[in-house]
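The entries follow the order in which I looked them up.

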Amino acid sequence: RAADYSRSSWDLRHVFQFAYVYELPMGRGRRFGGNMHKALDYAIGGWSLEGIARFQSGGPVNITIGQDRANIGSSTQRPDALRNPNTGPRTPEQWFDTSAFQMPAIYTYGSAGAYLVDSDGRHNFDFSIAKSFRIAEQHAVSLRGEFFNLTNSVSMSDPTGSLTSATFG
């Protein structure tokens, strides 16, 4: 039971999310251009910048052997852990130290705990620019331009955690 005492499969150690709305100070009744003509205010007044930024560490990956070595009828058993696997090269081809695991002896359980490997963290920037047009006192129409994943950040999938897979690690 002690080997199963670990992080949960959805554990994210660090998450920082920041949402913002900044109304540009240009247009009628604002700091810059407070007395501009109504037609000019329709063009350059009332714009706002909005966005969401999210940074998170990677989730855990469970390493399994893909075979029933302990002869218990389940192939979700774990390998033997030789050292900390999180010191690997951290490349898309090999994310963690795959040589840190080995197949356990036949009819035995592996010594590796659950969810030992950390996957890659993620970051994302969403941005929008918006303009609100007042039609009547209680009604307005909004024009928005939204840009998701503004920096075009790549999010790789989690590394393969099955020791017998050709794409392990």
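**Entry 1: the model.** I note that this is a predicted model, in which local features need pLDDT of at least 70 and side-chain atom pairs count only at pLDDT 80 or more, while totals for chains, interfaces and linings use all residues. Residues are numbered from 1 along each chain as its sequence is written, and side-chain values use heavy atoms, with hydrogens and water left out.

**Entry 2: salt bridges.** Side chains of opposite charge can pair when their charged atoms come close. I took a salt bridge as a side-chain nitrogen of Lys or Arg within 4 Å of a carboxyl oxygen of Asp or Glu.

I looked up Arg 83 and found a salt bridge to Asp 97, with the closest N and O atoms 3.0 Å apart. This pair links distant parts of the chain: Arg 83 and Asp 97 are 14 residues apart, both in the loop between β4 (80–81) and β5 (101–102). Strands here are DSSP runs (E, at least two residues) and helices likewise (H or I, at least four residues), numbered from the N terminus. For accessibility I used relative accessible area with a 1.4 Å probe on protein chains only (buried under 20%, exposed over 50%, partly exposed in between). Arg 83 is partly exposed at 41%, whereas Asp 97 is buried at 14%.

Arg 144 and Glu 146 form a salt bridge at 2.9 Å, N to O. I recorded Arg 144 as partly exposed at 42% and Glu 146 as partly exposed at 43%.

Arg 7 pairs with Asp 11, the closest N and O atoms being 2.9 Å apart. Arg 7 counts as buried, at 15% relative accessibility. I also noted a network of salt bridges that links Arg 7, Asp 11, Arg 13 and Asp 118.

**Entry 3: the largest pocket.** I then asked which residues lie nearest the centre of the largest pocket. They are Arg 30, Gly 46, Lys 131, Ser 132 and Arg 134, out of 20 lining residues. The elements giving two or more residues to this lining are β1 (15–23), α1 (38–44), β2 (47–56), β7 (122–134) and β8 (140–147). β7 gives the most, with 5 residues.

Terms used. On a 1 Å grid over the protein atoms alone, a cavity is a set of points where a 1.4 Å probe fits but cannot get out, and a pocket is an open set with protein on both sides within 12 Å along at least five of seven lines; lining residues have an atom within 4 Å of a point.
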